[in-house]
Amino acid sequence: PRTIYLKDYQEPDYWIDQTDLTFRLGEDYTDVTAVLQVRLNKNKQHEHLPNLVLDGTDMQLLSVSIDNQPLDSSLYSLTTENLSLPVNAEQFTATINTRIKPQENTSLEGLYRSNDMFCTQCEAEGFRKITYYLDRPDVMAKFSTTIIADPKKYPVMLSNGNLIADENLDDGLRKVKWEDPFKKPCYLFALVAGDLACVDDEFITHSGRKVALKLFTEATNVDKCEHALLSLKRAMKWDEEVYGREYDLDIFMIVAVDHFNMGAMENKGLNIFNSSCVLAKPETATDGTYQRIEAIVAHEYFHNWSGNRVTCRDWFQLSLKEGFTVFRDAEFSADMNSRPVKRIEDANFLRTMQFPEDAGPTSHPVRPASYIEISNFYTLTVYEKGAEVVRMIHNIVGKEGFRKGSDLYFSRHDGQAVTTEDFVKAMEEANDVDLALFRRWYTQSGTPVVHVSDNYDAANKRYTLTVKQNCPPTPGQAEKVPFHIPFAVGLIDALGNDMPLDEQGNTTLVLDVKEAEQTFTFNNISEQPLPSLARDFSAPVKVEYPYTRDQLMFLMSHDNDGFNRWDAGQKLAVDIIKELVEQQRAGMTLALDERLVTAYKSLLTGSSLDKAMLTKMLALPSEDYVAEECDVIYPLSIHVARDFVRRTLAVKLHKQFKTCFDANNTQKAYQPTAEDIAERSLKNICLSYLTLADEQGIELSWQQYQQANNMTDRFSALSILENAVSVKARDYAEQALASFYQQWQRDAQMIEQWLSVQAGGEYTDLEKIQQLMQHNAFDMKNPNKVRALIGVFANRNKVHFHRDDGAGYAFLADQVLVLNRLNPQMASRLLTPITRWRRYDEMRGALMKEQLQRIMKEKDLSKDVYEIVSKSLK
Ligand code: BAL
Ligand code: ZN
């Protein structure tokens with residue numbers, strides 16, 4: 001397969017100004033007519049008129065004409081990837097008729113079927129499975145879409161923009177026409193047709209325009225639309241207030257689809273959502289689902305400006321829209337919920353999931369320099385690290401400066417396809433700052449490590465921090481130059497108070513770290529302070545400072561920065577769990593440092609933290625995060641060590657957990673408000689500890705499972721029981737799973753939950769997973785089901801996936817090979833856990849590598865899988 005390089009980017013030879021599409025949707029095949037108004041790109045030098053080379057795969061070409069003159073097949077050339085047409089005018093109309101088979105399209109790219117409906121997914125390169133086209137984001141055209149179909153089967157027929165015609169044809173078919181007044185790249189095209197119910201709402205924009213909001217779903221789900229519509233209206237208002245961005249069409253539609261590779265897609269005026277990211281009601285959705293929906297609905301809506309009105313020049317610029325939009329949705333969620341808790345969740349996710357990506361074989365910069373398959377670059381680096389890079393700019397220029405920069409960016413580039421460089425330039429020019437060094441965040445991969453040492457000169461009341469940065473080598477980048485790191489620090493005195501750091505009395509200063517080594521001096525520091533470093537996770541870096549365990553306990557109860565207060569607890573717990581891992585590996589009896597018990601006890605009894613924050617503080621670092629902090633990963637030892645800590649805390653602090661549980665077990669009517677979500681999460685974390693302690697805890701969980709008035713409590717209880725060890729708990733878990741299935745078997749999202757709670761269950765072995773794959777509930781062609789069963793097993797079920805004989809890895813490789821043919825995007829994503837083989841103990845590493853080598857031998861490997869496997873073996 002061919003590698004595509006950013007350095008080779010060139011403008012296209014032709015532009016397309018207008019694209020008129022007609023779809024005849026049929027049960028066996030669909031015919032597509034594309035009428036393209038094509039114009040020579042005069043920005044480029046041409047000695048003669050080049051051929052028009054269009055992208056297209058997996059379809060049958062029926063006919064082509066240029067300016068209404070049919071073109072004989074001897075005059076054009078056709079390969080499996082391109083159609084090349086001769087050109088003899090600078091402007092012309094190309095009409096292309098193709099036939100496609102959405103019914104057979106299991107890749108879920110292009111036009112495909114989900115249950116009984118037609119739907120599309122065109123980003124990044126799915127449009128080329130619909131018709132021959134210049135399938136690249138810098139070609140922006142105005143689109144119209146005509147859909148002709150049987151109105152009995154497909155009473156709802158949607159596309160981008162406004163409905164401008166609707167007529168019944170003589171042959172019993174119906175024809176509708178949609179027109180999108182905004183020019184767009186083809187990746188934002190969408191079509192939906194099906195028997196769908198609609199829930200209506202409206203939003204009045206800041207300038208007084210009425211926008212019709214419509215959420216389409218299967219009729220059985222109309223009672224699950226309220227939260228998404230509420231979230232949408234909040235997002236529309238927030239974007240007006242915070243960014244001055246008003247919605248631009250008179251209609252905004254969302255469609256829920258069961259078969260979807262991603263979470264959702266921001267097609268202009270017609271967002272398509274994975275049903276699991278949009279549908280919710282209290283009986284079936286957990287608090288986590290409610291919050292995810294709020295964030296994703298907002299994310300897709302925000303793309304209308306950051307992505308659609310201003311789009312990407314090429315796919316190397318993906319983070320231009322994704323990093324920026326993730327930053328926007330994170331700020332929205334922070335405003336709607338608890339800001340420090342949102343920050344903790346995002347930073348924790350980045351450190352646990354993106355740091356390993358950045359240190360692994362597929363590590364790449366936020367703006368990659370090359371790819372084989374662009375679908376492989378919808379990564380945590382492009383999205384989440386990209387958002388951190390935007391956040392750092394926000395931190396450097398401040399809130400108002402950032403708004404000036406975004407205003408300039410949107411006004412300067414409205415209607416254009418641009419680059420991350422254009423974004424940085426707008427921020428720079430609007431604020432008169434120099435971001436020259438800062439740009440390295442876009443081009444260098446890897447996670448910088450910041451080593452901090454300090455010195456206190458009591459005689460001169462002077463405190464110095466010496467900051468050294470380095471970034472480990474990553475594929476293709478052996479040597480790095482220093483990053484510009486906004487490094488927020490505070491100094492804490494012996495009583496736990498923040499010390500003033502400058503004449504204005506500021507207690508947090510953002511240090512501009514730009515060199516490999518720098519020393520910062522603080523004057524008038526009256527006593528030896530304890531530093532609080534990278535406050536609010538001010539940069540996506542690892543910070544090394546030799547805190548003692550006692551100092552970490554002090555920070556846990558005194559740091560004024562919410563993120564660092566939480567992180568002190570994480571550091572303490574990681575340190576202790578790593579010590580236990582060593583004890584376990586040496587065959588010693590495990591002994592827990594009592595200080596962790598003391599720290600947890602004071603959290604449960606003496607702290608003034610709000611409930612959301614307290615819940616975060618009570619959660620131990622995940623096994624994945626501990627693994628990320630280990631030089632060599634021994635997954636089973638980590639599991640045993642962490643489990644030992646949980647059990648010990650559960651027994652020693654039983655009384656405190658019970659008191660906290662009772663205080664928060666208020667049995668209110670369900671509401672997904674931030675306050676109630678926090679209360680439930682605190683109650684349920686206490687319940688998980690209580691269940692570890694004794695049989696009474698197990699009874700309490702069983703009782704909660706049966707009596708809960710909402711899915712958050714019910715599912716927490718189920719998940720706790722599913723992972724509890726006693727005979728009684730196993731019995732309750734069996735009963736709960738059976739009744740859960742009985743009750744919810746017709747609800748797709750519930751079945752995904754049912755599969756995932758089992759897949760991650762400590763007592764679900766590989767054989768049970770294989771049985772579940774044969775269950776009616778499972779469907780290899782549905783990505784949500786694949787993620788829920790196989791994905792959760794490989795990523796979360798450490799005990800059974802990493803079993804000594806390597807059968808877990810072989811199983812995963814088998815599934816990747818099946819999906820390689822059905823849905824390559826899913827196949828390559830599923831591979832992730834074994835691509836990190838170098839991080840594991842020698843035995844496991846070798847077993848994982850063996851499976852990668854086996855996959856590599858497969859004859860018809862998709863570009864998606866080939867790219868990931870070949871990079872992992874390099
Ligand atoms: N653009 C793909 C889905 C998303 O990031 O919104
Ligand atoms: Zn996005």
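Mentor: Start with helix 1 (residues 226-243) and helix 2 (residues 287-302): their axes come within 9 Å and cross at roughly 45°. This is a predicted model, where local features need pLDDT of at least 70, side-chain atom pairs count only at pLDDT 80 or more, and totals for chains, interfaces and linings use all residues. Residues are numbered from 1 along each chain as its sequence is written, and chains are lettered from A and ligands numbered from 1 in the order in which they are written.

Trainee: What makes a stretch a helix or a strand here?
Mentor: Both are DSSP runs, numbered from the N terminus: helices are H or I with at least four residues, strands are E with at least two. The protein chain has 27 helices and 31 strands.

Trainee: Why are helix 1 and helix 2 called oblique?
Mentor: Take the angle, roughly 45°. Axes are lines fitted to C-alpha atoms, for helices over the stretch in contact, and angles run from 0 to 180 degrees between N-to-C directions. Under 35 degrees is roughly parallel, over 145 roughly antiparallel, 65 to 115 roughly perpendicular, and the rest oblique. Helix 1 and helix 2 are therefore oblique to each other.

Trainee: Why are helix 2 and helix 3 oblique to each other?
Mentor: Helix 3 covers residues 318-336, and its axis crosses that of helix 2 at roughly 135°. Helix 2 and helix 3 are therefore oblique.

Trainee: Which residues of helix 2 meet helix 3?
Mentor: Glu-294, Ala-295, Ala-298, His-299 and Phe-302. Contact asks for C-beta atoms, placed from the backbone, within 7 Å. By class, this contact of helix 2 with helix 3 has 6 nonpolar, 3 polar and 3 charged residues. Nonpolar covers Ala, Val, Leu, Ile, Met, Phe, Trp, Tyr, Cys and Pro; charged covers Asp, Glu, Lys and Arg; the others, Gly among them, are polar.

Trainee: What surrounds ligand 1?
Mentor: Glu-123, Met-262, Ala-264, Met-265, Glu-266, His-299, Glu-300, His-303 and Glu-322. A residue is near if its C-beta atom, placed from the backbone, lies within 6 Å. The shell has 3 nonpolar, 2 polar and 4 charged residues. Strand 20 (264-265) and helix 2 each supply at least two of the shell residues.

Trainee: How do you know that the radius of gyration agrees with a compact globule?
Mentor: The radius is taken over C-alpha atoms, and the globule rule is 2.2 Å times the number of residues to the power 0.38. With 874 residues, that rule gives a radius near 29 Å; the protein chain has 28 Å, so the two agree.

Technical notes: Contact = placed C-beta atoms within 7 Å.
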